[in-house]
Amino acid sequence: MPRLHSALVVLLVAASVVPVFPAAAADGTATGAVCDNQPALHAQAPPGAVAVDLAVEGDLSVKTQASPPGTTFWLPPGTHRLAPDQYGQVIPKDGDVYLGAPGAVLDGRGVNRAAFTQQAKDVVIRGLTIQNFVAPQDQGVVNHDSGEHWVIENTTIQHNTGAALMAGARQVVRASCLRDNGQYGMNAYRPDNAITGLLVEGNEITGNNVDDWETRNPGCGCSGGIKFWAVNGADVRGNWIHHNHGVGLWADTNDNDFLIEDNVIEDNDAEAIFYEISYNVVIRHNAIRRNNVVAGSRRASRGDNFPSASVYLSESGGEPRVPARTDVIDIYGNTFEDNWSGITLWENADRFCNSPANTSTATCTKLVADRTRCAAPGIESAPLYDDCRWKTQRVEIHSNTFRFDPARPGCAGLCGRMAVLSNYGTYPAWSPYRGTLVQEAITHDQDNYWYSNDYFGPWAFVAGDTSRTLTAAQWQNDPWNQDDCASFDGVTPNC
């Protein structure tokens, strides 16, 4: 029987603001497309606002520079342009507010790199369409320099290169459309790893990674609907995340304390959710449909038998020593329908702090401040033996519904799988994790449990390594002992 870590979860407090366009109804259907359905707000300039002259090129930048902090700017309907050079941009001051009337567009016309830059605090952007900016790789058009507590609401950011927007601490992105951008819908990254308290609520995030960065730069890990890097605290709820050319939501490298709930995540080319070398997340009450069909079938066509999943946990787990609202990874109450596969728990035996196999080369776990300490002979004993690894541990997967149609073309037995596995450790020569040590740990010793799930369709299960495929009965019995109290095709479990 699983240890009920869920009882340790601290109450996850909901925010007081309801999204203008909630993305998911109780039955998991998308109920509110945000793109092309923004409300008609700010038709008139509010009292005291500075009106921007549509006919004057760069007027928004000039008036922002000339006005004191906390000024409200109103953009009338029509297409507004900045100065005609790549560094023509708006530099807000603390507390500035930018309101767009219905039909107000800020257009970079393929010349300007960024729309709103620098590090003012408490900036608000509402009702604008921001498009055709040419941000370089890994840079963003809005909040280019990750200012603190920006609020972006009822705004459309589309058809830009790079990322639609960057993120700063306590940023709010609500009821907005992040559509068809070259790299990301949002790149939640700061070089100082100081992003905390994000709220991403009620948005439509679709069609991003138009420029196909994973093909242009294989292995870069630099694409998706949203990419989170070392974010401490994020609530992602009520969004419609679909048809992105890559991962829907990707948390990569020392992210912690996430709540991902009530989203519709569907038809993304790669994983719906990819949680990588990170900690402590609750994933609940999401509708996860038809994800990873493109990338999964491509992998299968090459004869690669790795269990490519719709929710992929890679070297990520619950860690009580890293403060958060929960000390587990808790995945429950979700509906999975016709994804390439289900959930994969993976831990690379060769990936740890200071290992050449760690692609996040300059980083270490949140438990070791100096990665150079992770070396022989110290790494061979406690505490470094445990603390130098990002562990896939303390994961609970329960009370979910998994539906799978076996008629999917190209499956060849490599889709419709659930998995917990590792590789045989080989590298580097001084690694204390060589052999089957990590395989044994992730499957038997690190408190990873499936239980009380409902399965429909011919699911298969992979345990230990990619060569071992199990039936449901094998999965539930010794030595794996997974999915106690699960039902298969409506058969009531005896438990």
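Me: Which residues does Gln-393 touch, not counting residues up to four places away in sequence?
Reply: Gln-393 touches Ser-316, Gly-317, Gly-318, Glu-319, Gln-446 and Asn-448, with residues up to four places away in sequence left out. Note that this is a predicted model.

Me: What lies 2.9 Å from a polar atom of the side chain of Gln-393?
Reply: That is the backbone oxygen of Gly-318.

Me: Is Gln-393 buried or exposed?
Reply: Buried, because its relative accessible area is 13% and the cut-off for buried is under 20%.

Me: And where does Gln-393 lie?
Reply: In the loop between α4 (384-387) and β30 (395-398).

Me: New topic. Where is Ser-308?
Reply: Ser-308 is also in a loop, between α3 (293-301) and β26 (311-314). Its relative accessibility is 5%, so Ser-308 counts as buried.

Me: What does the side chain of Ser-308 join in a polar contact?
Reply: The side chain of Asn-292, at 2.7 Å. Asn-292 is also among the residues that Ser-308 touches, including Trp-340 and Arg-417.

Me: Now the whole protein. How many helices and strands?
Reply: Six helices and 37 strands.

Me: What is the radius of gyration of the protein?
Reply: 23 Å, which agrees with the value near 23 Å for a compact globule of 495 residues.

Me: What share of residues is buried?
Reply: Buried residues are 58% of the 495.

Definitions and conventions: Residues numbered from 1 in each chain as written. Predicted model: local features only at pLDDT ≥ 70, side-chain atom pairs only at ≥ 80, totals over all residues. Heavy atoms only, no water. Helix = DSSP H or I, 4+ residues; strand = E, 2+ residues; numbered from the N terminus. Buried < 20%, exposed > 50% of the residue type's maximum accessible area, 1.4 Å probe, protein only. Contact = heavy atoms within 4.5 Å. Polar contact = N/O pair within 3.5 Å; in protein donor to acceptor, adjacent residues only side chain to side chain. Rg over C-alpha atoms; globule rule 2.2 N^0.38 Å.
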